[in-house]
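Dear colleague,

Please find the structure below, handed over for your review. My findings follow directly after it.

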Amino acid sequence: MTSSIYIDVDQLCIGMFIQLEVGWMNHPFPVNSFRIASVQQIATLRDLGLTRVRVILDKCDADVRRALATSEQKEVPSTVTESGGPVAAQPASADASLPEAMRLALLAEQNRRLLECDRRFAQATREYVSIERTVRELPAHACAQAQKLVAECVCGLLAQDEVAIRLLSEGAGERAALHPVNVMVASLLLGKALGLQSTALQELGMAALLHDVGKITLPPKYRHPLPTMTPAERAQYEGHVRASVALARSMGLPDAAVIAIAQHHEMADGSGFPKRLSGSELGRVSQMLALVNHYDRLCNPVREADALTPHEALALIFARRKACFDEMVLAAFVRMMGVYPPGSVVQLANDRYALVVSVNSSRPLRPKVIVHDPQVPKEKALILDLEAEPELSIRRSLKPGQLPREALDYLSPRKKICYFFERAVSLEAVQGQEEATQ
């Protein structure tokens, strides 16, 4: 079994293999784990402001390893063998050693929470479908429905200090309403992260829920952008913004919400539509809505074959399309979603495969995952909180197609990425509640 130690940043030297325990936004290196090869890398590491760095002993150069072996640094055991595979007798998580009664209680609570999120999301999608059906003939009634839906979500968010972003079950909700409800949920989470208060959150939520409502006035073939569209067809598609604004005004939405709807396809660098606005011409609510809308379309495109994993979508936006979005809004979104947003398929440091299912929006660097464990039926798998497993980090992100067949069947990565929010709670807290009732 290999091991690791923590050393002071001033003790770094060439030949050490290190693992950075900070998000990829917070350092300039292409990966989190690597062998130090130059004094320039050491200088960069020192400039990060870290006080100590984790060193993987068995991957260091031999002379460095010998020198470290004589030091008095505290070793931290890992769950990886010298060959890089998982230790045969090592359980996937500490949960495997739980008493059966406790395990069943935790599993029941885990399933209850997921079913509740699925239920609330499904109800929201049904309400949106109802809004679409009535908005042209009864705009005031549709507005009241939308206000009630958004207000319930805002109250739920503000009632909790910390909320978790939860990946939903496959097939949750009405398919035609997945996008507007997804965008509403993520926009409200982002608004809370940026400190918006109740009234501003209500306006943001209304704009996010109704940003595409004008598409009901278009023929189905013009409702989604396709690379094969002619300029005339593209103009028809882009006309949904104008139609959405008209319906929003007929509903009596606040000016802030109407403006955000009008600008939800505008980009900070002027590359958006319909008016190619940029920078200070865009409101903060518009910039939040534009970012969330773009992210959801990358994860849930019209053609499923074009879908990116949530990790890929976030990385693409940050690496290649950063100029399209307000810097502060983008930074808050990345902090909120984490490096590996719910729905990301990952490989852990012990080589096991996992699906990210929940992220605490206040502490997003250590998400909760379902781990592929052949010894545990998938319907009985407990969620593993990586915050409670400090030695078990995420090694890399994967596409679902890169998973072995048995892991793919077990984890069942979602073809449609849908989110809802719930109260953030740790495994320890749930265990404590269960023990208190016994």
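The side chains of H211 and D212 form a polar contact at 3.2 Å. The side chain of H211 also reaches the backbone oxygen of A208, at 2.6 Å. Please note that these values come from a predicted model.

H211 sits in the loop that runs between α6 (198-210) and α7 (231-251). Its relative accessibility is 0%, so H211 counts as buried. Beyond its neighbours within four places in sequence, H211 is in contact with H179, P180, V183, S244, I261, H264, L289 and N293.

Helix α5 (residues 178-193) packs against helix α11 (residues 327-337) at an angle of about 105°, and their axes are 10 Å apart. The two helices, α5 and α11, are therefore roughly perpendicular to each other. On the α5 side the contact is made by A186, L189, L190 and A193, and on the α11 side by V329, A332, F333 and M336. Sorted by class, the contact of α5 with α11 has 8 nonpolar residues, with no polar and no charged ones.

Finally, a note on L316, which belongs to helix α10 (residues 310-320). L316 counts as buried because its relative accessibility is 16%, which falls under the 20% limit. Neighbours within four places in sequence aside, L316 is in contact with L298, L308 and R321. Between L316 and Y295 the C-alpha to C-alpha separation is 9.6 Å, and the two are 21 residues apart in sequence.

With kind regards

Definitions and conventions. Residues are numbered from 1 along each chain as its sequence is written. This is a predicted model: local features need pLDDT of at least 70, side-chain atom pairs count only at pLDDT 80 or more; totals for chains, interfaces and linings use all residues. Side-chain values use heavy atoms; hydrogens and water are left out. Helices (H or I, at least four residues) and strands (E, at least two) are DSSP runs, numbered from the N terminus. Buried means under 20% relative accessible area, exposed over 50%, partly exposed in between (1.4 Å probe, protein chains only). A polar contact is a pair of N or O atoms within 3.5 Å; within protein, one must be able to donate a hydrogen and the other to accept it, and residues adjacent in sequence count only if both atoms are side-chain atoms. Contact means heavy atoms within 4.5 Å. Axes are lines fitted to C-alpha atoms, for helices over the stretch in contact, and angles run from 0 to 180 degrees between N-to-C directions. Angles under 35 degrees count as roughly parallel, over 145 as roughly antiparallel, 65 to 115 as roughly perpendicular and the rest as oblique. Ala, Val, Leu, Ile, Met, Phe, Trp, Tyr, Cys and Pro count as nonpolar, Asp, Glu, Lys and Arg as charged, and the others, Gly among them, as polar.
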